[in-house]
Amino acid sequence: MKKICVLTGAGISAESGVKTFRDEDGLWENHEITEVATPEAFLRNPELVLDFYNQRRRQLMGVKPNAAHTALVDLEKKYEVHIVTQNVDDLHERAGSSSVLHLHGELTKSRSSKNDQLIYDQKEDLYLGDLCEKNSQLRPHIVWFGEAVPEMENAISLVFEADIIIIIGTSMQVYPAAGLIDFKKDNAPVYFIDPKPTIQSTDTIELISEKASQGVQKLVDKLLSS
Ligand code: OAD
């Protein structure tokens with residue numbers, strides 16, 4: 001079975017009603033990264049940071065996977081599909097994808113602020129005073145700016161082993177995630193689906209300038225019939 005690695009960003013969840021970060025009215029237009037998404041912010045004002053992610057989590061509970069998430073599940077009929085997502089939502093899992101690696105963490109989990117191995121399911125709001133089993137404050141299970149990306153090596157392996165790469169809905173601005181494409185096999189074709197793609201087409205990179213719900217369905221139909 002041929003292997004496909006799908007790299008997804010906020011754009012794939014946009015049509016579910018989850019805000020992207022850098023589009024007009026995106027999250028980073030209304031919030032300062034340094035106030036809500038860094039370890040320093042959590043030390044300085046933990047309540048503000050917890051509240052920001054509580055809002056994100058509550059919003060996530062009210063949305064559903066869209067046609068793009070679902071089409072990627074169909075791809076598993078013919079291919080071994082591994083999704084590497086920058087998204088902290090759980091829409092790929094809820095759609096039914098069987099292999100999802102979260103590079104930037106997961107909104108539906110929390111972890112100890114002292115021991116990153118102590119990870120818990122977190123479906124409700126998280127507050128100051130909510131403690132792990134060793135009595136340390138819990139924090140969102142999110143990779144903040146300035147923190148290491150522990151899943152990077154696993155992600156590199158999935159890209160390196162893939163016969164086909166699909167990139168969906170990312171501005172390719174955030175490293176190391178944006179550099180993953182450099183680890184692909186030289187001859188592996190890349191399909192980049194985004195209404196405003198930020199990379200150039202080449203012999204191996206095909207740009208599909210469409211919204212995820214349309215572009216992914218068309219590409220999946222093509223790959224299933226090829
Ligand atoms: P961005 O907000 O930077 O980029 C969103 C991309 O989605 C843009 O290229 C849009 O053109 C595209 N887009 C918008 N609507 C779309 C649609 N309907 N279908 C397909 N694409 C669409 O989001 P990311 O690239 O995911 O990290 O951001 C990367 C990281 O930066 C995030 O994981 C987050 C953020 O800071 C952390 O918080 C650690």
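Start by selecting A212: at 5% relative accessibility this residue counts as buried, where buried means under 20% relative accessible area, exposed over 50% and partly exposed in between, with a 1.4 Å probe and protein chains only. The model is predicted, so local features need pLDDT of at least 70 and side-chain atom pairs count only at pLDDT 80 or more, while totals for chains, interfaces and linings use all residues. Residues are numbered from 1 along each chain as its sequence is written, and side-chain values use heavy atoms, with hydrogens and water left out.

**Around A212**

A212 belongs to helix α9, residues 212-225. Helices here are DSSP runs of H or I with at least four residues, strands are runs of E with at least two, and both are numbered from the N terminus. Now show the contacts of A212, with contact meaning heavy atoms within 4.5 Å. Neighbours within four places in sequence aside, the list is G11, I12, E15, A68, I168, I193 and Q217.

**The whole chain**

Zoom out and colour by secondary structure; the chain has 9 helices and 9 strands. The C-alpha trace spans about 55 × 35 × 30 Å along its principal axes. For 226 residues a compact globule would have a radius of gyration near 17 Å, and the 18 Å of the chain agrees with that. That radius is taken over C-alpha atoms, and the globule rule is 2.2 Å times the number of residues to the power 0.38.

Colour by burial next: buried residues make up 50% of the 226 in the chain. A surface view corresponds to about 11,400 Å² of accessible area, 49% of it belonging to carbon and sulfur atoms; the areas come from the Shrake-Rupley method with a 1.4 Å probe, and for residues only the protein chains shown count as cover. Among contacts with a separation of 6 or more, 62% are between residues 24 or more positions apart.

**The two domains**

Select 1-17 + 65-104 + 149-226 as domain 1 and 19-62 + 109-142 as domain 2. Domain bounds come from an automatic or database domain assignment. The C-alpha centres of the two domains lie 25 Å apart. In contact across the boundary are 13 residues of domain 1 and 8 residues of domain 2.

Go to S136, in the loop between β5 (119-121) and β6 (138-142). S136 has 12% relative accessibility and counts as buried. Beyond four places in sequence, S136 is in contact with S112, S113, K114, D130 and L131.

Move to K78, in the loop between α6 (67-74) and β2 (80-85). This lysine counts as partly exposed, at 32% relative accessibility. Once neighbours within four places are set aside, K78 is in contact with M1, L223, L224, S225 and S226.

Finish at F183, in the loop between β7 (164-168) and β8 (190-193). F183 counts as partly exposed, at 37% relative accessibility. Show I156, V159 and F160, which F183 touches when residues up to four places away are not counted. The C-alpha atoms of F183 and A155 are 9.6 Å apart, and the two residues are 28 apart along the chain.
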